[in-house]
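Dear colleague,

Please find below the structure that I am handing over to you. My notes on what was found in it follow directly after.

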Amino acid sequence: MSSDLNRAGMQADNMQHNSIRQNIFLIGFMGSGKSTVSGYLSRHYGMEMVEMDRVISEREGMSISKIFEVYGEEYFRNLETNLLLELQTKGNIVISCGGGTPMREKNVVEMKKNGCIVLLAASPETIYERVKDSHDRPLLENHMNVPYIAELMEKRREKYEAAADLVIETDGKDVSAICEELMAAV
């Protein structure tokens with residue numbers, strides 16, 4: 001009986017050692033690895049995972065592309081801001097933000113209130129390879145090519161970099177290497 005309690009206590013100690021108190025907000029262009037990294041951090045570090053696009057899509061009962069089509073981008077961006085405000089009461093979560101989330105200054109302010117903003121960066125070529133078969137990326141629909149991706153990334157680069165507390169290059173790295181680098185820095 002006592003060894004079971006000791007074992008349970010050790011597991012709890014290990015989980016606390018592996019978890020962190022602050023939230024981690026993953027930002028970056030679509031296809032930069034936010035969903036993959038958030039899933040890994042959730043599984044390996046005992047963090048709750050929130051995938052903003054998935055939460056919004058489920059709440060609205062339609063895909064992100066359909067939300068854009070029916071209500072427009074501004075409506076969607078307001079949903080993102082409201083979700084960030086809702087998340088302020090939670091801790092030890094990893095949030096995979098939509099690619100446009102850090103484009104609003106208010107969103108950046110809210111993320112910085114109780115978390116570390118991590119920019120996952122990748123080249124336009126890597127992004128293209130990761131998203132070329134996706135049809136749930138409204139801003140890339142009918143523009144699925146490296147030059148367009150590079151142009152859109154350049155438009156966002158300054159705001160992404162200004163928002164980030166930490167930048168991690170993801171090109172040529174597997175998810176475990178990215179997460180080890182991230183957790184060593186936060």
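Which residue in S5 is the bridge partner of Leu120? The bridge partner of Leu120 is Ile168. Before going further, please note that this is a predicted model, in which local features need pLDDT of at least 70 and side-chain atom pairs count only at pLDDT 80 or more, whereas totals for chains, interfaces and linings use all residues. Residues are numbered from 1 along each chain as its sequence is written, and side-chain values use heavy atoms, with hydrogens and water left out.

The sheet

Five strands form an open sheet in the order S2-S3-S1-S4-S5, with parallel pairing. Strand S2 (48-51) and strand S5 (166-169) stand at the edges with a single partner strand each, so one side of each has no neighbour in the sheet. From one strand to the next, the twist averages 20°. Strands and helices here are DSSP runs (E, at least two residues, for strands; H or I, at least four, for helices), numbered from the N terminus, and two strands pair if DSSP finds at least two bridges between them. Strand S4 (residues 115-121) is joined to S5 by four bridges, and the two run parallel.

Helices on the sheet

Helix H9 (residues 175-185) packs on the sheet and touches S1, S4 and S5, its direction making about 160° with that of S5. H6 lies across strand S1 (23-27) and S4, at about 120° to S4. Angles run from 0 to 180 degrees between N-to-C directions, with axes fitted as lines to C-alpha atoms, for helices over the stretch in contact. Helix H6 (residues 105-113) includes Glu110. Glu110 is buried, with a relative accessible area of 7%; buried means under 20% relative accessible area, exposed over 50%, and partly exposed in between (1.4 Å probe, protein chains only). Leaving aside neighbours within four places in sequence, Glu110 is in contact (heavy atoms within 4.5 Å) with Leu84, Leu85 and Gln88.

In helix H7 (residues 124-131), the buried residues are Pro124, Thr126, Ile127 and Val131. Seen down the axis of H7, these residues fall within an arc of 160°, so they line one face of the helix; the arc is that of the directions from the helix axis to the C-beta atoms. Helix H8 (146-163) is included in what covers them.

Ile127 of H7 is buried, at 0% relative accessibility. The C-alpha atoms of Ile127 and Met30 are separated by 7.3 Å, although the two residues are 97 residues apart along the chain. Not counting residues up to four places away in sequence, Ile127 touches Phe29, Met30, Gly31, Ser32, Ala122, Ile149 and Met153.

Thr170 lies in the loop between S5 and H9 and is buried, with a relative accessible area of 1%. Beyond residues up to four places away in sequence, the contacts of Thr170 include Ser32, Leu120, Arg130 and Ile178.

Nonpolar cores and aromatic pairs

The largest nonpolar core has 32 residues, and those with the most contacts inside it are Phe29, Ile95 and Met111. Another core, of 17 residues, lies apart from it, with Tyr45, Met47, Cys116 and Met183 among its members. A nonpolar core is a set of buried Ala, Val, Leu, Ile, Met, Phe, Trp, Tyr and Cys residues joined through side-chain atoms within 4.5 Å.

There are two aromatic pairs in the structure. The ring centres of Phe68 and Phe76 are 5.2 Å apart and their planes at 45°, so this pair is tilted. Rings of Phe, Tyr and Trp (its six-membered ring) pair if their centres lie within 6.5 Å, and planes under 30 degrees apart count as stacked, over 60 as edge-to-face and the rest as tilted. Phe68 and Phe76 are both buried.

Yours sincerely
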